[in-house]
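The following paragraphs guide the reader through selected parts of one protein model. Please keep the sequence and the structure in view while reading.

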Amino acid sequence: MILKEIILLWLCINNIQAQLTHPVVINTWAFVNSSIGAWNVLEKGGSSLDAIEIGASICESQQCDGTVGYGGSPDENGETTLDALLMNGKTMKVGAVGSLRRVKNAISVARHVLQYTKHSILVGDLATKFAVQMGFKEESLNTQQSKHLWMKWHNENNCQPNFWMDVIPDAKQFCGPYQPKERSHQKTHMLKGDRYNHDTIGLVAIDRNGDIAAGASTNGAKYKIPGRIGDSPIPGAGAYADNDVGGAVATGDGDVMLRFVPSFLAVEEMRRGATPTEAATIAVKRIAKFYPNYMGAVVALRMDGEYGAACHGLGGMPFPFVVRDSTMDKSKIVLVECS
């Protein structure tokens, strides 16, 4: 009997060790280069936090889909600002920046918030001041492309569509400043999200020590009202990680999705026994119950390496995400049919 118990214990220990030496990384959309960068860190024994930072920073520098990093999604003033988050599933600490101005390396600034402060989120100009103090370079995030986008929207399209509701332009202009309409119920022409207006690079990684991290980076929604922050830098909305369970990330209509903290919900559903796909589906459907026309997706990774995703409202198109683990010789794009 004792010998049997010893054998069972030995098998259990080896199973745990096998799991701990089985790193994996997933990320939203078909951003394969981010997956490659993150995997290179994990494969060499690096930490999940480093993998997330490297993977997201690649997307930032390559301006993935024009919706991550500098030079994309100008706000109403024509300025590009950045949001990013990094969460440590071992310590449950978070570092995030919102509406970061004039600093390109948003995910790395978020890492510095996590590592060098007792805070969780810094925003706006004072986040920029913090970044410069930490040694980051201050520079314009605008490019000729972002300026062209803004000029076309502002001059040719008269600032339409936009994110305002029940307002009238001052002095009969189509653009702002705006004033509230009294008791108005008139529908306005609102911007609708698609993959080129609400893309976020979200990543979840498990390293060889079994530590998990999750993160996200984006330049937000095109022509947003200055100061707007979406779901990406909000813990539990854009990303969430817990060493005991797993991690999840979200992408899509951030103003809607953050109200339901879908990444947190997906992790909690996995804690209750749901598979990653089931957990992501529950999170997506929770939002669709109230906002049937929203666009978004959730990708989840369990601590045993199983992964899954669910999506909604991509107009009949499948949602792509990328996965890489030690059983694969290259990163794999997985397509998910949306509800």
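Where does Asp231 lie? Asp231 is located in the loop between β8 and β9, and Gly230 is found in this loop between β8 (212–218) and β9 (239–242). Strands (E, at least two residues) and helices (H or I, at least four residues) are DSSP runs, numbered from the N terminus. The model is predicted, so local features need pLDDT of at least 70 and side-chain atom pairs count only at pLDDT 80 or more, while totals for chains, interfaces and linings use all residues. Residues are numbered from 1 along each chain as its sequence is written, and side-chain values use heavy atoms, with hydrogens and water left out.

Is Asp231 buried or exposed? Asp231 counts as buried because its relative accessibility is 3%, where buried means under 20% relative accessible area, exposed over 50% and partly exposed in between (1.4 Å probe, protein chains only). Gly230 is likewise buried, with a relative accessible area of 4%. Leaving aside residues up to four places away in sequence, Asp231 touches Ala237, Gly238, Ala250, Gly254, Met257 and Leu258, contact being defined as heavy atoms within 4.5 Å.

Attention now turns to helix packing. Helix α8 (residues 262–271) packs against helix α9 (residues 276–290) at an angle of about 140°, and their axes are 8 Å apart. Axes are lines fitted to C-alpha atoms, for helices over the stretch in contact, and angles run from 0 to 180 degrees between N-to-C directions. The angle therefore makes α8 oblique to α9: under 35 degrees counts as roughly parallel, over 145 as roughly antiparallel, 65 to 115 as roughly perpendicular and the rest as oblique. Pro262, Leu265, Ala266, Glu269 and Met270 of α8 meet Pro276, Ala279, Ala280, Ile282, Ala283, Arg286 and Ile287 of α9. These residues comprise 10 nonpolar, no polar and two charged; Ala, Val, Leu, Ile, Met, Phe, Trp, Tyr, Cys and Pro count as nonpolar, Asp, Glu, Lys and Arg as charged, and the others, Gly among them, as polar.

A second pair is formed by helix α3 (residues 48–62) and helix α4 (residues 106–116), whose axes come within 8 Å and cross at roughly 150°. Consequently, α3 is roughly antiparallel to α4.
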